[in-house]
Amino acid sequence: MFINVYTWQVNTWEQLVSQCGGWPNALLLKGRSGIGKLAFARAFAQCLLCEDRLPRLAACGKCQGCLWFVKGNHPDFRLLEPAAYSEQAEETDTDEKTRDTEKKAGNQISIEQIRELDDFINLTSHRNGYKVILIHPAEAMNLHAANAVLKTLEEPPGKTMFILVSHKPQRLLPTIVSRCRSVMMPVPDREAALKWLAQQGVSEPDIALAQAGYAPLAALEIGKGESQEQRKEFLQQISAAKPNPLALAESAQQYPLSDIINWLQKWICDLTYCKFTGKVRYHLDFTEKLQMLAERANSLDLAHYYRELLTAQRTVQHPLNTRLVLEQLAISYCRWVLNTERVGND
């Protein structure tokens with residue numbers, strides 16, 4: 001028998017199965033990003049919609065309900081996610097302030113999306129079974145949308161299941177949380193995660209897992225993309241004895257700005273952690289260089305530079321001039337991390 005969840009989620013699935021018949025109208029799956037919460041939610045939704053469930057609530061994968069679900073057109077299932085934001089045309093026709101406002105709206109689940117569920121919720125199901133509404137991520141609901149969902153949860157219709165998936169449950173309305181059965185989704189231990197990543201074909205699973213903050217699905221994305229090689233090239237440059245900030249900024253233009261800021265944030269975290277513990281958390285393959293830099297780094301200077309990275313991160317999607325941002329970050333790195341003001345060419 002096959003249950004379509006990750007190996008580290010089997011115990012959680014079994015606990016949920018043991019409560020069969022006593023399920024609430026709303027389930028909140030919470031936990032850090034990159035551990036498979038959405039996949040678990042979809043597996044549970046399919047199980048509810050399956051018309052020939054196997055033991056342990058495994059979906060059969062063969063009935064009409066399962067076939068519809070896999071194809072993404074089951075009439076008794078709705079997935080609510082933030083509307084996709086399109087940058088095409090807006091880049092040339094819309095000013096910066098308007099574009100930022102639209103991007104923010106595009107990253108939210110709106111009241112209009114919730115209102116579209118009215119008929120779905122109030123009418124009977126097509127297959128005389130459950131109706132399932134999956135909201136991901138739940139914290140993306142704006143205040144109006146959250147209040148609309150709350151109203152439905154206060155007077156839940158029969159055989160309608162809300163599944164909320166949240167990376168940041170602290171951002172949800174407390175009244176919504178109180179009306180859900182909360183399930184803390186597990187994070188696999190390091191050995192289990194490394195074994196799984198190796199099975200997926202990741203060549204350096206330990207490096208990718210550390211980079212992802214020990215979240216295996218995030219590590220899989222890192223390990224199979226080009227970002228690992230780009231990260232190594234960039235870190236080789238900033239860990240040189242005397243990097244030239246202007247040359248560093250010039251070279252860095254070939255990498256995504258968001259990746260650069262992410263790498264630098266983890267680099268500064270590693271330097272700070274290494275300074276006090278002698279250990280490295282993220283960039284394991286640069287441990288020796290980090291240890292050397294940490295010996296002469298000033299913790300207050302590192303904190304100052306990290307705050308500068310946070311400021312840059314807030315404008316990463318629409319920098320006025322990427323080259324200027326990179327130059328400022330490189331100059332500040334040399335000043336606050338390496339304790340040098342040197343800008344000229346060698």
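Predicted model: local features only at pLDDT ≥ 70, side-chain atom pairs only at ≥ 80, totals over all residues.
View 1. Strands (E, at least two residues) and helices (H or I, at least four) are DSSP runs, numbered from the N terminus; two strands pair if DSSP finds at least two bridges between them.

Residues are numbered from 1 along each chain as its sequence is written. Local features need pLDDT of at least 70, side-chain atom pairs count only at pLDDT 80 or more, totals for chains, interfaces and linings use all residues, and side-chain values use heavy atoms, leaving out hydrogens and water.

**View 2. Pairing of β1 with β4.** Residues 26-30 (β1) and 160-166 (β4) pair in the parallel sense over 5 bridges. Lysine 30 has serine 166 of β4 as its bridge partner.

View 3. Contact means heavy atoms within 4.5 Å. Axes are lines fitted to C-alpha atoms, for helices over the stretch in contact; angles run from 0 to 180 degrees between N-to-C directions.

**View 4. Crossing of α13 and α15.** The axes of α13 (residues 227-238) and α15 (residues 257-277) come within 11 Å and cross at roughly 60°. The two helices are therefore oblique to each other (under 35 degrees is roughly parallel, over 145 roughly antiparallel, 65 to 115 roughly perpendicular, the rest oblique). Ser227, Gln230, Arg231, Phe234, Leu235 and Ile238 in α13 meet Asp259, Ile260, Trp263, Leu264 and Trp267 in α15.
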